[in-house]
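Colleague: I'm new to this one. Can you put it up and take me through a few contacts?

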Amino acid sequence: MPTTDDEIFMAQAIQLSRDAAAHGNEPFGALLVRDGEVIATNENQIYTAHDYTFHAEAGLIRTYCAQSGEPDLSDCTLYSSCEPCYMCSGAMVWSRVGRLVYGASDIDLCSLVGEPGSPCSETVFEHSHHAPEVTAGVLRDEALEVLRAYFEPRGEKN
């Protein structure tokens, strides 16, 4: 049972990843939190939106900023079931997300399909003009369980 705020919000991101898979997409979910309140959620929509850039995180940022008119998310925390890829990490840099919390790492994900993976967010953030505070591995085992259920039977990569 989640007990900390990070665990509570991560549990929601992981549920969004389950929802994404149930809706025919890859199992990734993200939510945006400000002052302890969820202000936006998104699940991966690459197949249903017919857009390979509609990852959970980039789609969340794109949609929230367009709807709210707020391009600066420095007072927000983005929770992601899995470490954001390079593209999504770049979107976090440009929208100035204040904090990132994720469950499984890209290395965890790629190990499920026999690939080396990489520290995507760390790599992007260390070479950028903005880097959010990062907390990794929150509910990692639960996040990996969802990824394993989806990717191992397929032998596919993200």
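Modeller: What follows covers a helix pair and then some salt bridges.

Colleague: What kind of model is it, and how are residues numbered?

Modeller: This is a predicted model, where local features need pLDDT of at least 70, side-chain atom pairs count only at pLDDT 80 or more, and totals for chains, interfaces and linings use all residues. Residues are numbered from 1 along each chain as its sequence is written, and side-chain values use heavy atoms, with hydrogens and water left out.

Colleague: Helices, then. At what angle do α2 and α3 cross?

Modeller: Roughly 30 degrees, and the axes of α2 (residues 56-68) and α3 (residues 86-94) come within 8 Å. Axes here are lines fitted to C-alpha atoms, for helices over the stretch in contact, with angles from 0 to 180 degrees between N-to-C directions. Helices (H or I, at least four residues) and strands (E, at least two) are DSSP runs, numbered from the N terminus.

Colleague: Which residues meet there?

Modeller: Glu57, Ala58 and Ile61 in α2 meet Met87, Cys88, Ala91 and Met92 in α3, with contact meaning heavy atoms within 4.5 Å.

Colleague: Switching topic. How many salt bridges are there in the whole structure?

Modeller: A search finds seven. A salt bridge is a side-chain nitrogen of Lys or Arg within 4 Å of a carboxyl oxygen of Asp or Glu.

Colleague: Which residue does glutamate 70 pair with?

Modeller: Glutamate 70 pairs with arginine 34, and their closest N and O atoms are 2.6 Å apart. Glutamate 70 is in the loop between α2 and β3 (77-82) and arginine 34 in strand β1 (residues 29-34), 36 residues apart.

Colleague: Is arginine 34 buried or exposed?

Modeller: Arginine 34 is buried, at 16% relative accessible area, whereas glutamate 70 is partly exposed at 27%. Buried means under 20% relative accessible area, exposed over 50%, and partly exposed in between (1.4 Å probe, protein chains only).

Colleague: What about aspartate 75?

Modeller: Aspartate 75 also forms a salt bridge with arginine 34, the closest N and O atoms being 2.9 Å apart. Those two are 41 residues apart, with aspartate 75 in the loop between α2 and β3. Aspartate 75 is partly exposed, at 45%.

Colleague: And where do arginine 99 and glutamate 133 lie?

Modeller: Arginine 99 lies in strand β4 (residues 99-104) and glutamate 133 in strand β5 (residues 133-136), so their pair ties together parts that are 34 residues apart in sequence. Their salt bridge is 3.6 Å, N to O. Salt bridges that share partners join Asp6, Arg99 and Glu133 into one network.
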